[in-house]
Every structure is written in C-alpha cells, then in structure tokens.
Amino acid sequence: MENIEKFEYVGEKCPICKYDISMCQCMFGGSAHPDRSKRKEVVKDHLYLFSERQIQHIISLESRWQTSYGDEEKNSILKELKGGANG
Ligand SMILES: [Zn+2]
C-alpha cells in the first residue's frame, strides 16, 4: 500500500514549474523565469484543479515565498490574517 502511495507522489507535477513535485524548481532562480509569476497567479486562483498533494506542495511554497504586495490594503489584509483573524 505504501509503495502505491509513493508511486503516485512521484508522478505528480508542480503546476507552477511543471517539474515533478520532488524536483520542483520554484524555489530557485525566481527572476530568471518571468512567466512563473503569471502562472503562479493563475494556479492560486484555481486550486480546485489540483490534487491534495499538489495543493500541499503549493502551500509549502507559499509559506517559503512570504509574498508581500505593492498594495497597502492587501498588505494590511495579510497582516490581519497572520494575526489569527481567520481562525
Ligand atoms: Zn514548482
């Protein structure tokens, strides 16, 4: 049973860089891949398209990216969410 699960994991791709999740390139060479920011945006707006594992992967990328915004209102919403207002 465990082997089957591992096999599935290996076959799943990161929807942002299209590499296998275990080989995801999203943490490296960010500015060398200008297309990725658009792709990232679309991916994040359509999480329902992805499997549980892909979503978990995106979540772990997000927590490492620590995205901030040029827009003050968005930054203050983020601050509010981080303060636990979503719990
Ligand atoms: Zn990736």
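Me: Where does phenylalanine 50 lie?
Reply: Phenylalanine 50 lies in the loop between helix H2 (35-45) and helix H3 (52-65). Helices here are DSSP runs of H or I with at least four residues, strands are runs of E with at least two, and both are numbered from the N terminus. This is a predicted model, where local features need pLDDT of at least 70, side-chain atom pairs count only at pLDDT 80 or more, and totals for chains, interfaces and linings use all residues. Residues are numbered from 1 along each chain as its sequence is written.

Me: Why does phenylalanine 50 count as partly exposed?
Reply: Because phenylalanine 50 has 17 C-beta neighbours inside 10 Å. Buried takes 20 or more other C-beta atoms within 10 Å of a residue's own, exposed means 12 or fewer, and partly exposed is in between, with C-beta atoms placed from the backbone.

Me: And which residues is phenylalanine 50 in contact with, neighbours within four places aside?
Reply: Pro15 and Ile55. Contact means the C-beta atoms, placed from the backbone, lie within 7 Å.

Me: OK, new topic: which residues make up the largest nonpolar core?
Reply: Five of them: Cys14, Ile16, Cys17, Ile21 and Cys26. A nonpolar core is a set of buried Ala, Val, Leu, Ile, Met, Phe, Trp, Tyr and Cys residues joined through C-beta atoms within 7 Å.

Me: What about lysine 18, buried or exposed?
Reply: Lysine 18 is exposed, because it has 10 other C-beta atoms within 10 Å. Its phi is near 70°, a positive value in a residue other than glycine.

Me: Last one: how many helices and strands?
Reply: Four helices and zero strands.

Methods: Contact = placed C-beta atoms within 7 Å.
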